[in-house]
Amino acid sequence: MEKWPWMTIVVLIGLTARWTVSLNSYSGIGKPPMFGDYEAQRHWQEITFNLPVKQWYFNSSDNNLQYWGLDYPPLTAYHSLLCAYVAEFINPDWIALHTSRGYESQAHKLFMRATVLIADLLTYIPAVVLYCCCLKEISTKKKIANALCILLYPGLILIDYGHFHNIYNSVSLGFALWGILGVSCDWDLLGSLAFCLALNYKQMELYHSLPFFCFLLGKCLKKGLKGKGFGLLLKLACTVLASFLLCWLPFLTEGEQVWQVLRRLFPVDRGLFEDKVANIWCSVNIFLKIKDILSHHIQVAISFCFTFLSLLPACIKLTLQPSPKGFRYTLLTLKIILNVPVCLVLNEIPFMSTWFLLVSTFSMLPLLLKDGLLMPSVVTVMSFFTACATFFPILEKISEEELQLKSFSISVRKYLPWFTFLPRIIQYLYLSSVVSMVLLTLMTVTLDPPKKLPDLFPVLVCFVSCMNFLFFWVYFNIIIIWDSKIGRNGKKIN
Amino acid sequence: MAALGVAAAGLSWFSALAIGVTLLKCLLIPTYHSTDFEVHRNWLAITHTLPISQWYYEATSEWTLDYPPFFAWFEYVLSHAAKYFDQEMLNVHNLNYSSPRTLLFQRLSVIFTDALFVYAVHECCKCIDGKKTSKELTEKPKFILSVLLLWNFGLLIVDRILDILYAVFLLTLKRHMEGAFLFAVLLHFKHIYLYVAPAYGIYLLRSYCFTASKPDGAVRWSSFSLVRVISLGLIVVLVSALSLGPFIALNQLPQVLSRLFPFKRGLCHAYWAPNFWALYNAVDKVLSVVGLELKLLDPNQLPRASMTSGLVQQFQHAVLPSVTPLATLFCTLVAILPSVFCLWFKPQGPRGFLRCLVLCALSSFMFGWHVHEKAILLAILPMSLLSVEKAGDASIFLILTTTGHYSLFPLLFTAPELPIKILLMLLFTIYSISSLKTLFRKEKPLFNWMETFYLLGLGPLEVCCEFIFPLTSWKVKFPFLPLLLTSVYCALGIAYAWLRLYVSVVTGCLVSKTKKQ
């Protein structure tokens with residue numbers, strides 16, 4: 001079976017899905033005075049094009065930070081500038097200072113959608129294609145199936161092309177993916193450079209930085225700190241430093257600039273959670289009103305500690321025994337919604353990955369419904385599920401071996417010899433999870449919430465997703481910690 | 001878990017393909033809808049609110065009912081479902097009414113009727129026997145044919161309801177009586193299938209009414225079965241009676257016929273279908289321009305209305321003789337005669353019939369009056385069946401289908417749909433070329449250099465017409481130029497495919513005749 005025609009076809013299918021989803025409405029359409037994130041992106045093009053660099057992050061009469069001020073690192077700003085140049089060529093009205101606020105037209109919508117598609121095509125999609133081609137020990141057919149399923153992941157498509165909130169996620173994820181690819185294939189310098197670019201594009205990538213750091217540190221330690229390892233450490237440090245310098249160059253002239261940018265990137269004044277994000281805090285808040293009990297700073301500190309602690313076991317293991325596989329699984333333990341790295345293990349544990357990705361898309365349900373994206377969501381989720389069900393054996397009975405839980409089960413069975421029913425438990429959990437997701441979706445769409453609890457459904461969605469994510473966190477940590485050192489027939493890159 | 005599993009080992013590939021294309025169509029719901037949308041809305045309104053006697057007289061909207069009665073009944077049935085979506089669309093006076101729910105209803109009705117199409121494709125694929133069965137699923141003719149039919153680019157972007165019946169009819173090739181019944185029904189749904197009626201009629205007559213042939217394939221007159229002829233005739237008459245009966249009773253038959261065959265419309269549609277007359281028009285235009293330059297023609301004598309103004313009217317040619325409906329009929333008949341003769345003298349079973357069918361459809365497309373470019377799909381679909389069996393047919397199919405699909409581009413002319421049509425066209429073209437090349441890799445290459453060059457030329461043509469032309473000054477002076485170029489370029493390709501197919505059919509027929517002698 002020839003690879004390149006099929007890979008092209010897969011990419012074309014992915015592009016078609018993305019563009020057709022983008023034909024729907026976006027967040028904040030026709031809603032003055034603030035409009036939505038679409039307006040934010042347009043505003044950033046206006047700011048970066050019309051004002052000098054020094055004023056981008058500062059409050060001034062020309063740049064009102066309350067009205068969608070820039071709050072992403074410099075690379076996003078440069079990207080907006082590039083888009084602004086193109087916009088100026090097509091129609092200067094789109095980015096005219098002050099007068100273009102709230103500009104909405106069919107042509108402009110097309111332009112914005114096109115920029116997202118092109119950015120996607122240049123960063124994320126090549127990374128996915130290359131990643132699938134580099135997978136070893138699987139047939140061409142499976143590689144292409146893998147690429148198709150990853151490109152059809154509904155979460156990314158819906159956020160970047162439908163909801164239009166925080167668009168260009170695919171760019172930062174693409175860079176991160178290049179980083180993961182580089183680091184797993186032993187091109188450490190290129191990998192870390194790519195990851196630094198991702199970091200400088202969206203600060204959310206900080207979540208991924210700890211596993212990166214631990215993995216690379218582990219590699220250096222393995223090579224011996226006295227010899228090659230130290231050299232590697234030095235080279236990596238230089239690469240990271242150089243890439244940061246390059247990105248932040250215009251802002252390094254004054255100290256105040258750097259601080260202001262950092263203040264914009266990490267607004268510690270904001271609370272712990274907004275808009276019922278599916279994380280632990282939202283769920284705990286149902287029972288224990290954290291928002292009221294603790295002050296902002298303590299909330300932030302606690303959340304940071306917990307995030308750090310949740311990563312700790314995996315990262316420790318990663319530092320001591322660096323392996324590409326452990327690295328990938330550590331990335332999965334992070335409870336962030338657009339957890340694209342889960343796609344990377346689709347061919348290893350198709351069942352769990354598909355489940356996880358479905359849950360992650362489900363957790364965004366309230367957001368998607370608010371933007372009128374029910375039809376695209378349902379369709380993309382169904383196509384993703386169909387693709388996975390066709391190419392991977394997720395509808396069959398699963399065994400411990402396939403769940404990668406064999407070593408864990410063996411260890412448990414040393415103490416509890418009757419512990420053989422793990423796959424069945426997991427299957428029941430899967431069933432109940434899917435049923436609850438479908439039910440909640442139906443209820444949210446058809447019923448009205450009771451008057452006393454207007455936010456009932458979003459909160460329930462958040463709660464169910466969170467329970468699922470907790471389960472996955474435990475599962476992925478088990479895999480990492482029980483990953484045996486003895487050579488397995490696992491399908492890894494290296 | 002067993003409750004969730006579809007069929008033990010995951011989803012079968014056919015279901016996956018069918019589900020995939022249905023989901024794609026759902027995603028295409030918010031895209032631009034052509035005037036067909038208003039046409040169908042109008043027909044839903046007419047059939048729902050007016051009595052039968054008014055159906056073919058109603059003329060509030062310009063899109064009058066011009067399909068046979070069965071289609072009108074189909075719209076009537078649909079209209080009862082439509083009233084739950086949006087009552088307003090059923091008001092005859094609500095011209096150009098469109099609401100999101102109306103759009104949803106129209107698109108959903110297409111998607112539902114496509115379920116029948118999926119079934120038909122499934123049955124078609126059962127008929128294909130893979131002689132060279134390779135282990136790889138994607139190289140099996142069944143798989144390739146399913147994809148070529150289900151994911152056909154033309155069917156995706158053209159809102160056609162009821163090509164499904166066509167596919168269903170195709171699969172009754174071996175079952176003659178049912179086929180005759182289905183074809184009669186089909187004819188009364190869309191009279192466009194008259195194009196292929198001669199082929200089907202001759203095929204039935206030859207293969208069914210003559211129960212046996214001589215060993216060398218010639219006609220055995222003694223085996224003529226009157227019973228079969230009469231039974232076929234009865235079927236056709238019954239179906240026609242069912243369809244046209246009410247209108248004959250109301251003495252409305254002439255009106256119905258005049259609506260069905262509107263010869264007042266011009267030789268060509270607003271956008272010239274890429275057939276022989278497009279080339280004829282182009283040559284005429286060139287000659288008139290040359291003539292004016294060389295002062296051979298008097299500008300005052302030239303007819304006013306130009307064919308390139310993009311309107312649907314009757315007009316006349318400047319230099320070459322004007323074309324009348326009768327002339328086109330004559331040309332069409334002359335064009336289909338050789339293939340029908342071959343079918344009569346040397347019927348080669350269903351394969352030979354399919355070839356003749358494609359030739360009839362193509363000849364009618366080439367020489368018909370007021371042909372719409374969608375009619376090319378009539379030839380492309382049966383050609384798909386032939387393409388997975390022989391390399392020569394595959395080559396002709398690829399030229400025909402690529403050119404035919406490209407000629408559909410002007411139907412979707414809005415900016416948001418531009419990436420969609422390019423992506424889907426690339427998808428289908430890349431798949432069809434690579435899969436057929438793989439299937440026939442042991443034989444000689446599918447294209448020679450000239451054909452490759454021609455097909456590759458479609459890319460630059462598209463870039464010029466859609467991207468470069470709007471930025472030039474010619475856009476104001478010659479707005480029709482891109483359409484003209486597309487039409488002429490595709491007409492060359494389609495004519496070439498038609499000639500090649502003809503040559504292959506006729507030589508096949510003659511070869512066996514000479515062998516006999």
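Across the interface of chain A and chain B, the rule finds zero salt bridges, a salt bridge being a side-chain nitrogen of Lys or Arg within 4 Å of a carboxyl oxygen of Asp or Glu. Keep in mind, everyone, that this is a predicted model, where local features need pLDDT of at least 70, side-chain atom pairs count only at pLDDT 80 or more, and totals for chains, interfaces and linings use all residues. Residues are numbered from 1 along each chain as its sequence is written, chains are lettered from A and ligands numbered from 1 in the order in which they are written, and side-chain values use heavy atoms, with hydrogens and water left out.

So what is at this interface? About 3000 Å² is buried between chain A and chain B, with carbon and sulfur atoms giving 82%; buried area is the accessible area (1.4 Å probe) that two parts lose on being put together, summed over both. On the chain A side, α1 (3–21), α4 (106–134), α19 (374–391) and α21 (422–446) each supply at least two residues, and α1(A) gives the most, with 12 residues. Helices here are DSSP runs (H or I, at least four residues), numbered from the N terminus. Contact, meaning heavy atoms within 4.5 Å, takes in 34 residues from chain A and 35 residues from chain B.

Now, the cysteines. How many disulfides does a search of the whole structure find? Zero, over all chains, with a disulfide taken as a pair of cysteine sulfur atoms within 2.5 Å. The sulfur of Cys214(A) has its closest cysteine sulfur in Cys315(A), 3.8 Å away, which is too far for a bond.
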